[in-house]
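Trainee: I would like to learn how to read strands, sheets, cores and ligand surroundings in a model, one feature at a time. Could you take me through them slowly?

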Amino acid sequence: MMPARPTPQLLTGWGATSATLASVVRPTSDTAVMEHVATSPGQCVARGLGRSYGDAAQLAGGTVLDMTSLQAFSLDTDSGVLRCQAGASLDAIIRACVPRGWFVPVTPGTRFVTIGGAIAADVHGKNHHGAGSFGQHVHRMQLVTADGQSRWLTDSDQAFWATVGGMGQTGVITAAEVQMIPVRSGSVVVDTRSYRELDDLAAAMIRADADYDYTVAWVDATSRSLRSVLTLGNHHDQDGPLEFPRRMMTVPRWTPRVVNGASARVFNELWYRKAPKRRDGQIMPLHSFFHPLDGVADWNRLYGRSGFLQYQFVVPESAFDVLPMVLHQLRGIGAASAMTVLKRFGPGNRAPLSFPMAGWTLTVDVSVTTPGLSRALSQLDSVVLAAGGRHYLAKDSRMAAEVLAAGYPEFGTWDKLRAELDPEGRFRSDLFRRLSRET
Ligand SMILES: Cc1cc2nc3c(=O)[nH]c(=O)nc-3n(C[C@H](O)[C@H](O)[C@H](O)COP(=O)(O)OP(=O)(O)OC[C@H]3O[C@@H](n4cnc5c(N)ncnc54)[C@H](O)[C@@H]3O)c2cc1C
């Protein structure tokens with residue numbers, strides 16, 4: 001079969017910054033992926049649903065393989081093993097599998113990600129402290145490497161772990177087998193607590209790990225005291241309806257910037273006031289608990305045409321003090337974040353570029369037009385590294401090459417494995433060009 005014709009396309013990540021032009025092809029079979037990799041000139045990279053925030057799934061002047069046509073999947077309802085093509089979205093999988101009593105083992109804050117993107121970024125969810133990250137639930141995956149050949153990898157292969165968290169730099173994942181988890185209803189039992197001080201939140205989060213599968217906190221980064229709302233959940237273990245709703249509204253293209261200092265402060269105030277001081281046993285549909293932002297399609301447009309970035313890092317357990325320092329510093333330059341999220345991670349895994357490690361991870365959304373942002377974040381990078389922490393590649397659009405190498409001590413091991421799989425550097429993204437100073 002002839003490969004589909006490439007189309008020139010300007011691509012960005014979810015943050016809508018740093019658009020670059022690539023030839024985009026949409027393979028519709030594994031064989032077409034193999035043909036593209038074997039025959040297309042220059043460098044290439046796979047792209048899923050483009051939900052990484054920065055430049056991870058784009059390649060200026062190269063070929064981008066849009067994997068979203070490879071979306072078939074099937075579920076073995078006895079074992080809960082999902083066999084899927086890499087372009088299948090968690091949204092489609094959840095819609096089809098929850099009514100049959102199975103849920104994804106790990107879900108990020110949006111379900112509009114592909115299986116390939118979930119493995120390549122080794123995504124984490126609100127259950128990281130107990131379940132680890134996505135790659136730990138993959139039985140095996142099929143990878144097309146730079147020689148155009150396809151191979152199945154299991155967790156006894158080094159190439160498996162180089163690909164988990166490897167951000168598309170080892171090849172193109174075309175299929176995977178993922179272990180799903182059983183659920184008895186389409187809902188979660190949720191407890192909510194509000195805190196005026198960050199230290200009280202931290203103590204509550206440490207205590208909560210043992211009792212809850214899912215924990216996450218929202219922090220009002222515009223308040224001096226850093227007040228917060230902690231959400232704790234377990235799957236509802238009584239039989240109940242297994243359903244999933246449709247999306248509700250869409251933010252139109254060319255919406256002027258809505259998120260700014262004033263609106264972020266109002267949003268945070270309302271969010272905090274709306275939350276109960278303490279509430280137990282609320283039954284919440286899965287989608288409201290796991291993916292509240294997915295209720296509004298294209299909400300990233302609320303940041304206007306110049307876009308935004310998400311600063312996400314993790315620091316070890318003992319370095320909690322870094323969190324208020326970062327938040328106060330960002331508040332000091334007027335980087336009012338409407339969405340600041342704190343989560344505790346359990347231990348990391350064998351993948352050299354997997355982001356999670358035991359400790360605290362913070363995500364802060366910031367408009368890129370914030371004056372002094374670039375300088376402030378570079379200073380904060382050093383603070384995070386000095387504390388033994390690191391930054392998440394799936395969210396990155398700006399860090400320097402030294403920051404990557406310093407944060408990931410196994411980077412050299414990973415790069416050697418990558419070079420063995422791809423000696424001529426066929427797979428590249430704008431992210432890795434930037435981080436290997438090729439631009
Ligand atoms: C609202 C929102 C909330 C989020 N919450 C979380 C969260 O809680 N936890 C978390 O971990 N992440 C989170 N993310 C980030 C997101 O989960 C990851 O960036 C994920 O990788 C996106 O998947 P995608 O299919 O859109 O991949 P893309 O963004 O298209 O690509 C991401 C990377 O995966 C590679 N890739 C994609 N498909 C393949 C393939 N078939 N083979 C090889 N490489 C491939 C790309 O080359 C790229 O390097 C969030 C993102 C958004 C927008």
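Trainee: In which sense do β5 and β6 pair, and over how many bridges?

Mentor: In general, the strands of a sheet pair through backbone hydrogen bonds, either parallel or antiparallel. Here β5 and β6 pair in the antiparallel sense over four bridges, where strands are DSSP runs (E, at least two residues; helices are H or I, at least four) numbered from the N terminus, and two strands pair if DSSP finds at least two bridges between them. The bridge partner of D76 in β6 is V81, and in the hairpin of these two strands, which has four residues between them, G80 takes a positive phi near 75 degrees. Please keep in mind that this is a predicted model, in which local features need pLDDT of at least 70 and side-chain atom pairs count only at pLDDT 80 or more, whereas totals for chains, interfaces and linings use all residues. Residues are numbered from 1 along each chain as its sequence is written.

Trainee: What is the order of the strands in the open sheet of five strands?

Mentor: The order is β5-β6-β10-β8-β9, with antiparallel pairing, and the edge strands, each pairing on one side only, are β5 (73–76) and β9 (150–154). Within this sheet, β6 (residues 81–85) and β10 pair over five bridges in the antiparallel sense, and V81 stands opposite Q179 in β10. Helix α1 (residues 30–39) packs on the sheet and touches β8 (138–144), β9 and β10, and its direction makes about 140 degrees with that of β10; contact requires C-beta atoms, placed from the backbone, within 7 Å, while axes are lines fitted to C-alpha atoms, for helices over the stretch in contact, with angles running from 0 to 180 degrees between N-to-C directions.

Trainee: Which strands form the open sheet of four, and in what order?

Mentor: The order there is β1-β2-β4-β3, and the pairing is mixed. Its edge strands are β1 (7–11) and β3, each of which pairs on one side only, and the twist from one strand to the next averages 40 degrees. Strand β2 (residues 20–25) pairs with β4 (residues 63–66) in the parallel sense over three bridges, and S23 has T63 in β4 as its bridge partner.

Trainee: How many residues has the largest nonpolar core?

Mentor: In soluble globular proteins, nonpolar side chains tend to be buried together. A nonpolar core is a set of buried Ala, Val, Leu, Ile, Met, Phe, Trp, Tyr and Cys residues joined through C-beta atoms within 7 Å, and the largest one here has 126 residues, with A217 among those that have the most contacts inside it. Strand β18 (residues 308–315) gives the most to this core, with six residues.

Trainee: Why does S228 count as buried?

Mentor: A residue is buried if 20 or more other C-beta atoms lie within 10 Å of its own, exposed if 12 or fewer, and partly exposed in between. S228 counts as buried because it has 27 C-beta neighbours inside 10 Å. S228 is found in strand β14 (residues 228–235), and, leaving aside residues up to four places away in sequence, S228 touches several residues, including Y195, A217 and W218.

Trainee: Which residues come nearest to the ligand?

Mentor: Of the 32 residues around the ligand, G48, P108, G116, G117 and G168 come nearest, where a residue is near a molecule if its C-beta atom, placed from the backbone, lies within 6 Å of it. β3 (44–47), α3 (115–120) and β10 (172–179) each supply at least two residues of this shell.

Note on methods
Two residues are in contact if their C-beta atoms, placed from the backbone, lie within 7 Å.
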